[in-house]
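Student: I have a multi-chain model open and I'd like to learn how to read it. Could you walk me through some features?

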Amino acid sequence: MASIRLERLTKVFGATRAVDGIDLAIPDGEFVVLVGPSGCGKTTTLNMIAGLETPTSGDIWIGDACVTDWEPGERNLGMVFQSLALFPHMTVFDNIAFPLRIKRVAPEEIASWVRTVSDTVHVGHLLDKRPATLSGGEAQRVALARTLVVQPSVFLMDEPLSSLDAKLRVEMRTELKRLHAALRSTFVYVTHDQAEAMTMADRIVVMHQGQIQQVGRPLEVYGDPVNRFVAGFFGVPAMNFIEGELRPEPDGARFVTQSLRVTLPGRGGGSGPAVLGVRPEHVRFADGRESWPATVSLIEPLGDETLLFLDYGGPSSLVAKVDVEEKVAVGDRRSFTFRPDRVVLFDGTTGGRICR
Amino acid sequence: MTGLRRWLERERVFRWLPFIPVQGLFALLLFPNFLLLVYLSLLSWRITRGTWWNAAFTGLDSFQRALEDERFLWALARTFGFAAAAVPLELLLGFGLALLCRRHFRGRRFYTTVFLLPMMIVPAVVGYDLSMLLIDQGPFNQLLSLLAGRAITVRWLSEYTPAQLAVIGADVWQWTALTFLIFTSGLAGLPEDPIRAARVMGASRWQIFWHVELPLLKPVIAIAVILRSMEALKIFDYPMLLTQAGPGNATETVAVYLWRVGWEFARVSDAAAMSLVLLVVVAMYSFVAIRVLRRERRRLAEEGVA
Amino acid sequence: MRRGRRKLFPLVRHALLLAWTAVTLFPIYWMVMTSFKHAGEWVTWPPRWFPHEPTLVNYVKVLTPGTSTFELGRQTLKILKPIGDSLVVSGIGSLLAVVLGSALAYSWARFGTGGRNYPYNILSIRMVPPIVIAVPFVVYFVTLRLLDTYTGLILVYVATCLPYVIWMMLAFVEEVPVELERAARLMGVSRLRVLRSVVLPLTASGLVVTFLFVFILNWSELLLAITLTNTEVSTLPITLNKFQSANEGRDYGPQAAIGTLATLPVVVMGFLIQKHLLRGFSFGLLRK
Amino acid sequence: MKRAFGFLSIAGTVALLVAGSTAASAQTPPGGTADARAISGAKAYMQAKGLTSLKLNMMMPSIFTAGSTLEMTIFEKETGIGVNYFEVGILQVQAKAMSEAVAKSGSFDFWIGDPISLPDLVEAGLARPIDDLVVRGKADLDDIVPGFQEQAQYKGKTYGLVADGDNFILAIRKDLIEAPGERQKFKAKYGWEPGCPDTYEQWYQLAEFFTRDPKGTGVPELYGAMGYRARGWGWRWWLQQFYAKGGMPFDDGMKPLVAGKEGVEALRDYIALTKFMPKDILGWATPQAYPFYAGGNAFSIMTYPSIAIAAEHPDRSKVVGKNKYCLVPGYVVGGKLVRRAIQGYGNIFYVSNYAKHPEAAYWLSQYMTSKEVSARLVAGPNSVYDPYRKSHLTDPRVIKARTKEMVEIHLKNAQVMAPMILIQGAVEYNDALDLNVQEALLGKITAEDALKNTAAAWEKITNQIGRRQQIEGWKALKAAYPTKNVPD
């Protein structure tokens, strides 16, 4: 079992800084998900942890050891690749046995280990097959088994579920979660899929342009994003952003656009260009002091909830998520408001969060 | 015009169209040639004896003579010997160099450029270029003397074994470029993830090479062996230019000997019979080699998408 | 321990690579240097590694038609015609082979035309040593009136190169995702148009690599050329073949000049497409 | 670009023969000398054909081109008949000619080739008999030193015009022999005054004495002897020695005689002498040997007469005027000295049976080999043509290029000149001999075995070609062997 610590980790490819001096501490046994759009540096970070890439500068600690210069094999890691990286020329058995053979485990022991592990992930009946003949889910399990068999203290996973279809992916999420619960090893999981991050992670590390934007538990990251990027990255449909101006008021602040004036009681803060963020589920119909008229321009029923596109006079429509019970039709004119405690504000120029 | 185009668009036309000229070329150019070869081999015709279409049929006489001709059998054995010496060397050197040049490092482009050069030189040029280097008081011996620290005066072109080494060396020098190229391509095309997976599992470089890379490269190695050995069995230019197939018959390859029998000794039927014997021997070899290749390729098709 | 290895390995690697660089360059260096030497420096002991007075006289000799160059003043070299003939024969032959061979490779890869074993059967054609067919070829070619003609030699080169072309192009064609073509077909693009606007651009580098390789083979071919030509056609290797060591082997300077000239065009081409060369020779025999 | 007749070539051949016979009955062209007749003959031919210019195709070993093209240009100016030649390696003439014999394509009208390939090329139907044209053009064959013209005859017909009087000559370094002290030292050691050797033993002694390796490096500063030992060449040198032993290649029933005592002894001597030769000699022929000798690196060389051109070349030779040209040495057989020279190569202008313009090709050949033009060719600085006419002996141009001594000795050697094996299959006979001689030279097999193998190979060749036919050819050739043992 091992914790992981990254110190000022940097990787430069030519002119681009793929990973730009990140610090991160992952306690032992945690399920951490590195998430971000493609090119954000998450895979590079993972590869550096694995030892597949040498950092340009900075250090990596696993447990109490600085492993920056260690060979990947010396780090006692398990890794599952996006392509699964099963050896196409070996049978399933040989694939799972391979890491043990590398460690020169005795053949009888290998056989029993392989059997145990393959039963754990339910691939015991596939041992004689070759990878190419397996279905996506089976190949996935074999890749897992192959990683499990050496009982690594750290599991690294590079988008392992991305090649599966939607239903299987959801199933495998649960299974991985269960596996983590059973093993209590450290999991570092890379994905660009926010749903995977939300559902599986103990903590989420959001990366963008080689830097860590935010580290936190899923609901923290969702509900309390530190900047506009993080706010926009999570949530389907995405958070509504409205550009306007912040003006100080005696009792708080006021956010003003051409068509909206939102009073934000109890919030201090400066003035100047700002962006107001509100998630669709926090937009609701209400008639009252702080409400604004809008026309329903589009309706997207999701089944459990309904998405409405509201034209209120701003440059783009506002998306609202409402209960299915709500009776609306395209062309209806309704008044709406925001849940004031859920509204977030970002600096108009830096995108940083202002006045929490 | 549109009619033609529509006709071309029909799948049956479209897919068979390239086959017509190719098969036509083989059928009109190579096949009659082969029949003629067989026909000639069944005569006892020599150029100095009338015309071939009037020559009498003598059955398998020419074949008997061919199989009793020790010089022919030796030339055959020698040719295979040259191939057996040159091809593995080329493969090993090419593979080794390709491994060394595998990752990016400063100077890689320079090395790869240089290593490809020999392949682009006409073998006839290689032949006399070496004949210039290998004279007993030539630069090659000087270089060897410098390295060895004592005078070395090997007569590369006029002693038995050294002349054979010279021919093998010429082939190795020139065609290691091709094996290097094939293996460089092969290594560059290897899938990254299985190798990374093995690294993470703690496999050593050697273990990765042996258990992962080599098996994945097997089909590429197979084609390199096939291409190189089938070319090596044709060696003609180097002995012709370096040693005149001498000294003695040290470098008389089967191609050179057949050239002599056919054109210098005028024994066309004998040459034809020997050609057919050679063809059979080469065909046996290629049959095995191609089977291996076919098996590898088929397996590849089945396992390709992992 | 890894830091130590990291320092040592590049050194070892450079040492090994430099060793082979030396082996590779030594004969080429010697040839190029000799081509700039005066006759007195061709053979000396100890050998001269640099010409004392570099001269272009050898090049002038070989490029001026009908000049006598042999050391004893006996030999006339005609180099321009062989270079021209070689360019024509190898160029057209290779081009035709590439066009036919790649079309065939495409047809086989996409439709399986010719059956499963077709590429293997065709590979066995390349295995036939040219000397085997040389004698009947003369008889046959003369009846076809193809002996000593450009057409004849070109046809022979096309036939003997096709196996290489087909094998190399198979790999490149198979790399083109069939979905792309299907998508284009669904959009109503004709088969020929798909070839031109989807397959051709995606296999362009492969075509170039294949062409170059086949060109090198044809540019170098001696045995069939010398058998099938007389006065009308005379390729470079035939000209070079006259310098057989014992018979006219000592005309080193002009020989080296010819050698250098004969090598130059191919090397330049090879250099230009080196990047593609280095990726194009796995014959589609790797798992993706 | 008309091509051959293919299957119809028999008809073509017949037509040519008919044309040839009518030509024979035509009148001798005007002119006082053979070259003048050739020119007027050629002009008449052009007129008859209504042509103003004509390019003949010619195959030529590449080392002959530079020496020949100048004269060809003159001929073209006079007659409009030019030459479009293609070069081949000197040992590939046979192969290319054979291929033309099969192809019957007419791709060349005539060629320069050696006499060894003559019997085969006649039998193959490529070489055209030219007796008719020789008679008509009154070629000056009478001037040719006996022994040379015979090379162009086969089964009673003439197939070519001789252009090159090749037999061997021995050149030694006069200056070294006459150097102070050397004579005495030599005489004290071997008991005779150093000079031209009469026997191979004496040549051996000279070679041994003059091999100079003061530093003992194994790379002498001066090599005692040179002769050709390369593949394709060396057998001639052995054959000459064998003839001097009194050997004959075959008996009257074509049984090989090479493996007898004479052969083995000659081969041992041949091998023994090699140790005084440059190390690479097994890969050397003229292009290597001549400059080496002319560079002053060897004491003696047994080779073609054209060595004089190299050795006496004012710019390229370091040994101008320092050479002594000797009669070929011999052996004492039955108490009498027997010297034998061999027709070491020899070059002939042949006309192809499939030529498009055989007559024009002939006229050019007659021009090139006429008294006057041949003297110019023999004397030319680029020439490898050696003297073969009595008139060359006195021609000042030839003497200037070669020295009088050399020309005289050369033609004296011709008196004891023996032919090579000029019967059908000659190339194959020679190749078998060459191969085995070289294997013995390399120490791969003993001298006895080498010659036994040769004899066995020869038997096989004879049987395959047809013994009766070969006996006939051999009988005819035997007449060409010299009866004189020592030249006058």
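Tutor: We'll go from whole chains down to single residues.

Student: Before that, what should I know about the model and its numbering?

Tutor: This is a predicted model, where local features need pLDDT of at least 70 and side-chain atom pairs count only at pLDDT 80 or more, while totals for chains, interfaces and linings use all residues. Residues are numbered from 1 along each chain as its sequence is written, chains are lettered from A and ligands numbered from 1 in the order in which they are written, and side-chain values use heavy atoms, with hydrogens and water left out.

Student: How many helices and strands does chain B have?

Tutor: Helices (H or I, at least four residues) and strands (E, at least two) are DSSP runs, numbered from the N terminus. Chain B has 14 helices and 0 strands.

Student: What about chain D, with how many helices and strands?

Tutor: Chain D has 21 helices and 14 strands. Its radius of gyration is 23 Å, close to the 23 Å from the globule rule for 488 residues, so chain D is as compact as a globular protein of that length. The box for its C-alpha atoms is roughly 75 × 50 × 40 Å, again along the principal axes.

Student: What share of chain D is buried?

Tutor: Buried means under 20% relative accessible area, exposed over 50%, and partly exposed in between (1.4 Å probe, protein chains only). By that cut-off, 65% of the 488 residues in chain D are buried. In chain B, 65% of the 306 residues count as buried.

Student: Which chains share the most contacts?

Tutor: A contact means heavy atoms within 4.5 Å. There are 5 pairs of chains in contact, and chains B and C share the most contacts. Chain A and chain D do not touch, and their nearest C-alpha atoms are 51 Å apart. For chain B, 66% of the contacts between residues at least 6 apart join residues at least 24 apart.

Student: Let's zoom in on a helix. How do I read H20 of chain D?

Tutor: Start with the span, expected to be 1.5 Å times one less than the number of residues. H20(D), residues 447-465, has 19 residues and reaches 27 Å from its first C-alpha to its last, close to the 27 Å expected. Next, look at the sides: an α-helix has 3.6 residues a turn, so residues three or four places apart point the same way. In H20(D) the buried residues include Ala447(D), Ala450(D), Leu451(D), Thr454(D), Ala455(D) and Trp458(D).

Student: What do the buried residues of H20(D) pack against?

Tutor: They pack against helices H10 (234-244), H11 (261-273), H19 (426-441) and H21 (467-478) of chain D. After H20(D) comes Gly466(D), with a positive phi near 120°.

Student: Now backbone angles. Where does Gln151(A) sit?

Tutor: Gln151(A) is in the loop between helix H4 (136-148) and strand E7 (154-158) of chain A. Although not a glycine, Gln151(A) has a positive phi of about 50°, and this residue is exposed, with a relative accessible area of 54%. Arg184(A), also a residue other than glycine, has a positive phi near 55°. Arg184(A) lies in the loop between helix H5 (166-183) and strand E8 (186-191) of chain A, and is partly exposed at 46%.

Student: Which peptide bond is cis?

Tutor: Look at the one from Val236(A) to Pro237(A), with omega near -10°. You'll find Pro237(A) in the loop between helix H8 (228-233) and strand E11 (240-249) of chain A.

How values were computed
Rg over C-alpha atoms; globule rule 2.2 N^0.38 Å.
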